[in-house]
Amino acid sequence: MRRARGQVPTPPELVARMVALARPWAGGLRVLEPGCGRCPFLRAFREAYGAGFRFVGVERFPEALDPPPFAEVHLADFLGFQGGPFDLILANPPYGAPGAGIGLGEAERRAYRKRFATWYGRYNLYGAFLEQGVRLLAPGGVLVYVVPAGWMVLDEFRRLRRFLALEGGLEVFYLGRAFPGLKVRATVVRFTKGGRGLKLYQGFEEELWVDPDWQGGMVRFPHPKALALEREGVPLGELFEIRFAARSPELKRHPLTRTAPGPGLVPVLTGRNLKPGHIDYETPYSGLFFPKERAGLLKPFYARPHLVVGHTRHGKVVAAFDERAYPWREEFHLLPKGTPLPERRMAALVEYLNGPEVQGYYQGLYRDAVPHLTRSMLERLPLPRDLLLLRKSVCPNGQSD
């Protein structure tokens, strides 16, 4: 039941490490556990530091509640709770997009969107829990959460990153797969209200990066070769407009979409049709078909050949040139901002995007924090100047290219 609501039990050893990060500086502090259930963090905190604190828990679901006798527990929605301020907040907040089977109705989602300044796009409950926790902290207070790693780089968390940078200092401990049986990559964040800057760690010990002036940008792993490529190259976003294809609901409700082949119809392509350097135009993975000559009615850019880059490829960059101009479901579609590249230069660009240099760049900066490429990652991806002929070059036959 708790997993269905986005709540996953925290391994005891992880609870202990997070409690150690809390480091209380005085007795009598107010210690809060949001989404507390049976209060594993409050129990572990009391065992580690003693009884001389004021323990508070907040739990929305009464059937999940099993509090210890020493805690003051509120049966309430933490995202509307106003019982602060608190000196220490520890939690494993629920994960999940509102509406994804975690018990939120449309009215509640609208209220959250209005209430939280960091709410943006396809947001996630743990982002709202982070904002709410920070707002309930006393000056100098500390928050310790374990949350998925997606907030580090995903575009929908850019407001959250900016909010955290403005409100205090942040330490990020990247754990990778910390929950048995789950694919989610996890981070522990230790936030100090009124502090400044960012520190990134591998695990709980190895310091990777310090940025005393962090302003809320993507939290990337330091990788000297990848950063050198960015300094030397041209960001892809300067040369290409990046569009996203039609999503399934838009396709399914279009009056020209069909679920069986027929005259003039072609398969709507998906990421499974996209291979490194080529496109499978035949296999109807989507189960949807659309008139080839009217593909531009779905998205205008479908009507002309262009570069396609995979969205969800689990840590890889996959690109191909759609020379037939087919309809697509999802994926990134790149349109040149100026004069299109000559055919042989486009072929070289596709080869480069699928090549080891780009794969090393992507893995070096982002590792496995998220399973998909984002628009911001793609915009920053560096393209070699020579490849793009930003300076005049000469072809082997002596003609200018």
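This is a chat about a predicted model of one protein chain.

User: What is the overall make-up, in helices and strands?

Analyst: The protein chain has 12 helices and 19 strands. Its C-alpha atoms fill a box of roughly 80 × 45 × 35 Å along the principal axes.

User: And how much of the chain is buried?

Analyst: Buried residues make up 52% of the 401 residues.

User: How many disulfides turn up in the whole structure?

Analyst: The search finds 0 disulfides. Cys-36 is in none, and the nearest cysteine sulfur, that of Cys-39, is 3.7 Å away.

User: Cys-39, buried or exposed?

Analyst: Cys-39 is buried, at 0% relative accessibility. Cys-36 is buried too, with a relative accessible area of 1%.

User: Which side chain reaches the backbone nitrogen of Cys-36?

Analyst: That of Glu-59, at 3.4 Å. Glu-59 is in strand β2, residues 54-59.

User: Changing topic. Which residues touch the most other members in the largest nonpolar core?

Analyst: Tyr-145 and Trp-151, in a core of 106 residues.

User: Where does this core lie relative to domain 1 and domain 2?

Analyst: Between them, because domain 1 (3-219) and domain 2 (225-394) both give residues to this core. There is also a second, separate core of 22 residues, which includes Ala-245, Phe-301, Val-308 and Tyr-326.

User: Aromatics next. How many aromatic pairs does the structure hold?

Analyst: It holds 21 aromatic pairs. One of them is Phe-81 with Phe-86.

User: Why is the pair of Phe-81 and Phe-86 classed the way it is?

Analyst: Their ring planes are at 25°, and planes under 30 degrees apart count as stacked, so this pair is stacked. The ring centres are 6.5 Å apart. Phe-81 is buried at 10% relative accessibility, and Phe-86 is buried at 0%.

User: Which residues form an aromatic cluster?

Analyst: Tyr-95, Tyr-112, Phe-116, Trp-119, Tyr-123, Tyr-126, Phe-157 and Phe-179 form one.

User: Which arginine lies over the face of Phe-70?

Analyst: Arg-46, at 4.5 Å from the ring centre. Arg-367 likewise lies over the face of Phe-221, at 4.1 Å from that ring centre.

User: Where is Arg-367 found?

Analyst: In the loop between α10 (356-366) and α11 (375-380). Arg-367 is partly exposed, with a relative accessible area of 28%. Its phi is positive, near 50°, in a residue other than glycine.

User: What about Glu-330, what is its phi?

Analyst: About 65°, again a positive value although Glu-330 is not a glycine. Glu-330 is in the loop between β17 (319-322) and β18 (332-336). At 25% relative accessibility, Glu-330 counts as partly exposed.

User: Last one: what is the geometry of the peptide bond from Gly-84 to Pro-85?

Analyst: That bond is cis, with omega near 5°. Pro-85 is in the loop between β3 (72-75) and β4 (86-91).

Definitions and conventions:
Residues are numbered from 1 along each chain as its sequence is written. This is a predicted model: local features need pLDDT of at least 70, side-chain atom pairs count only at pLDDT 80 or more; totals for chains, interfaces and linings use all residues. Side-chain values use heavy atoms; hydrogens and water are left out. A disulfide is a pair of cysteine sulfur atoms within 2.5 Å. Buried means under 20% relative accessible area, exposed over 50%, partly exposed in between (1.4 Å probe, protein chains only). A nonpolar core is a set of buried Ala, Val, Leu, Ile, Met, Phe, Trp, Tyr and Cys residues joined through side-chain atoms within 4.5 Å. Domain bounds come from an automatic or database domain assignment. Helices (H or I, at least four residues) and strands (E, at least two) are DSSP runs, numbered from the N terminus. A polar contact is a pair of N or O atoms within 3.5 Å; within protein, one must be able to donate a hydrogen and the other to accept it, and residues adjacent in sequence count only if both atoms are side-chain atoms. Rings of Phe, Tyr and Trp (its six-membered ring) pair if their centres lie within 6.5 Å; planes under 30 degrees apart count as stacked, over 60 as edge-to-face and the rest as tilted. A charge sits over a ring if NZ of Lys or CZ of Arg is within 6 Å of the ring centre and within 35 degrees of the ring normal.
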